[in-house]
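Reader: I would like to learn how to read a protein model piece by piece. Could you begin with the ideas that I need for helices?

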Amino acid sequence: MKYVVLIGDGMADFPLDELGGKTPLMAADKPNMNMMARKGIRGRVKTVPDGFPPGSDVAGMSIFGYDPALYYTGRAPIEAFGMGIPMGPDDVAFRCNLVNIGTGGGDTMCDYSGGHISTEEAGVLIESLNEKLGTGEITFFPGVGYRHIMIWKGGAWELSTTPPHDITGKDTAGHLPAGKGAATILSLMDRSREILGSHDLNSRRIDAGKLPANSIWLWGQGKRAALPPFREKFGLAGATVCAVDLVRGISSLVGFTTPVVEGATGYLDTDYGAKARAAMKLLEDHDIVYIHVEAPDEASHSGNIPEKIKAIEHIDRDVLGVLLKEAERDTRFLIVTDHATPITMRTHYATPVPFAVYDRNERVGGEGRDYDEEAGGAVISGEEMVRVLIGGKEQ
């Protein structure tokens, strides 16, 4: 038996007046997801334990079958691991977004992605920051798009920070880092505005009618992470198709193969077909393959209803549809979203989210209910969901 787990990041939502009281999942044309829910096992999974932030780090760990209450140390160290950045036991990793603050006046968080800056452009800016702000203790590492990492050797990590996508359109003043070590972090963020604000690359972006990535925003800090191998925990050898370093980090931490897929961007313009083809290839040599698609979450953070629906439809047609058609008969499928990202909130929201497990050799459903937020079913943990997938029986 082979297994496929398809994660549509942030697909779950609230009913919207613009969609006649439907959610984007309900409004989307997604026959393959609906078929899985009708003919397979439906349920809801609690991916974010009580008291944890509703991010893709916590939720993603749950979907891989690991309890965040036991293993979670912070978002940034997971991403650092996925990027191959070495960390000592006393090092602290921070997620470093390139953002736009204050365009048009004030200190408003105008764009958490620095105007959707490209990986190539971002690399130039991060290199410049490392030259001017880097020390024996502070190092900046370039990532994908607007997502980067800063390592603070022997740094503080028990401070309060806020994800920039949580405060889009809001004044940053009430959301700045606080606690032990905050003075160092605030100084780095302030000095970055001086460096990036006068950078030639940002001047060219402005001339081209684009937002400049004029500041960094540091958040999601934590110490080195460690997870027991998936093969030891569940008895399966796995691989992951993804474009974002966070998911790559979780995948690598559990011992999965995580190849780079050309055309996979971690944004709305990702190559869905390339992800499906990569997954099919990986299934030849692995027992289980996870496929992560970031696009619905990005559309939600931008407040773009049509783009979110389009992303869900692409996942259904160009990823799930291809896999259902071309995978061997003895393959079991799981469709799930990691968390809700309501359009009205433009950020993540902790609530049980729908999942469906489908095996072409079995028929356990038949109630005619679609895959969406009202699919019903028992609420179980991420580890229980993975065991449902592997065991093929409802908990």
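Author: Axes are lines fitted to C-alpha atoms, for helices over the stretch in contact, and angles run from 0 to 180 degrees between N-to-C directions. Helices (H or I, at least four residues) and strands (E, at least two) are DSSP runs, numbered from the N terminus. This is a predicted model, in which local features need pLDDT of at least 70 and side-chain atom pairs count only at pLDDT 80 or more, while totals for chains, interfaces and linings use all residues. Residues are numbered from 1 along each chain as its sequence is written, and side-chain values use heavy atoms, with hydrogens and water left out.

Reader: At what angle do the axes of H6 and H8 cross?

Author: The axes of H6 and helix H8 (residues 200-207) cross at roughly 145° and come within 10 Å. Contact, meaning heavy atoms within 4.5 Å, is made here by Glu121, Val124 and Leu125 of H6 with Leu201, Asn202 and Arg205 of H8.

Reader: Which residues are buried in helix H14?

Author: A residue is called buried under 20% relative accessible area, exposed over 50%, and partly exposed in between (1.4 Å probe, protein chains only). An α-helix has 3.6 residues a turn, so residues three or four places apart point the same way. In H14 (residues 382-391), the buried residues are Gly382, Met385, Val386, Val388 and Leu389. Seen down the axis of H14, they fall within an arc of 155°, so they line one face of the helix; the arc is that of the directions from the helix axis to the C-beta atoms.

Reader: How do strands S5 and S6 run, and how many bridges join them?

Author: Two strands pair if DSSP finds at least two bridges between them. Strand S5 (residues 138-144) and strand S6 (residues 147-152) run antiparallel and are joined by five bridges, with Thr139 standing opposite Ile151 in S6. Their hairpin has two residues between the strands, and Gly145 there takes a positive phi near 60°.

Reader: Which residue has a positive phi of about 50° although it is not a glycine?

Author: Most residues other than glycine have a negative phi. His116 has a positive phi of about 50°, and lies in the loop between strand S4 (109-111) and helix H6 (119-133). Arg346, likewise not a glycine, has a positive phi of about 60° and is found in the loop between strand S10 (331-336) and strand S11 (353-359). Arg346 counts as partly exposed because its relative accessibility is 36%.
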